[in-house]
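Visitor: Can you walk me through the packing in this one? I'll ask as I go.

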Amino acid sequence: MNNFFAMLYRMRYIDRWGLMNNTRVENISEHSLDVAVLSHALVTIANKRFSANLSADRAAVLGMFHDASEIITGDLPTPVKYYNEEIKNAYKQIEDVSEQSLLKMLPEDLREEYEELVSSKKADKELLPYVKAADKLSALIKCISEIRMGNSEFLKAERTIREALENIQLPALSVFMKEFLPSYELTLDELE
């Protein structure tokens, strides 16, 4: 039995933002699609506006798989995950074991191909900053969405994440935040 893809299907059952009161629950499957789209956008901006020569398609695929280990670990809330160095390192070890457990669900001849997607140690180093920025950007967009729905629970998270994004030295991210992020605060009628 090769259970890898059936396990990936279960991403839809892992909810994010577990410590927060959500107006709409978000799962890691939805989040991973958002990260894939945003990763693709950031790399496309880098290529078109800053003469980078990176694969936007590859960045999107990395975004799809970036949280795959959470199928096993669940989504550990950020305040817990980064509480101190000891917990951060322990979680990283758990994440590594989870990634390897997932990969063992594949037949040998496919394992190497997916290891580059699932394992944070094997990811494309030049694309990783874009995927990480997209991950944070997705979190910011979630905060914006919750605040728009009147949920003040996300106000502090929004400020913290926005500040972290503004400190990332990635020109494509700055462009996205200036040119595209404001649209996420609009209603459907305003988007037309």
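Visitor: Leaving aside neighbours within four places in sequence, what is L42 in contact with?

Guide: This is a predicted model. Beyond its neighbours within four places in sequence, L42 is in contact with Y130, A133, A134 and L137, and also with A172, L173 and F176.

Visitor: Which residues have the most contacts inside the largest nonpolar core?

Guide: F4, L42, L137, I161 and L173, in a core of 48 residues. Elements giving two or more residues to this core are α1, α2, α3, α6, α7, α8, α9 and α10. The most come from α8, which gives ten.

Visitor: Which residues of α10 are buried?

Guide: Helix α10 covers residues 171–179, and its buried residues are A172, L173, V175, F176 and M177. They pack against α2, α8 and α9.

Visitor: Switching to N151. Where is it, and is it buried or exposed?

Guide: N151 sits in the loop between α8 and α9. Its relative accessible area is 8%, so it counts as buried.

Visitor: What lies 2.5 Å from a polar atom of its side chain?

Guide: The backbone oxygen of N21. Leaving aside neighbours within four places in sequence, N151 is in contact with N21, N22, T23 and E146.

Visitor: And the surface. Which residues form a nonpolar patch there?

Guide: L19, V80, Y83 and I87, with about 400 Å² of accessible area together.

Methods. Residues are numbered from 1 along each chain as its sequence is written. This is a predicted model: local features need pLDDT of at least 70, side-chain atom pairs count only at pLDDT 80 or more; totals for chains, interfaces and linings use all residues. Side-chain values use heavy atoms; hydrogens and water are left out. Buried means under 20% relative accessible area, exposed over 50%, partly exposed in between (1.4 Å probe, protein chains only). Helices (H or I, at least four residues) and strands (E, at least two) are DSSP runs, numbered from the N terminus. Contact means heavy atoms within 4.5 Å. Patches are made of residues with over 30% relative accessible area and no salt bridge: like charges are joined within 9 Å, nonpolar side chains (Val, Leu, Ile, Met, Phe, Trp, Tyr) within 5 Å. Accessible areas come from the Shrake-Rupley method with a 1.4 Å probe; for residues, only the protein chains shown count as cover. A salt bridge is a side-chain nitrogen of Lys or Arg within 4 Å of a carboxyl oxygen of Asp or Glu. A polar contact is a pair of N or O atoms within 3.5 Å; within protein, one must be able to donate a hydrogen and the other to accept it, and residues adjacent in sequence count only if both atoms are side-chain atoms. A nonpolar core is a set of buried Ala, Val, Leu, Ile, Met, Phe, Trp, Tyr and Cys residues joined through side-chain atoms within 4.5 Å.
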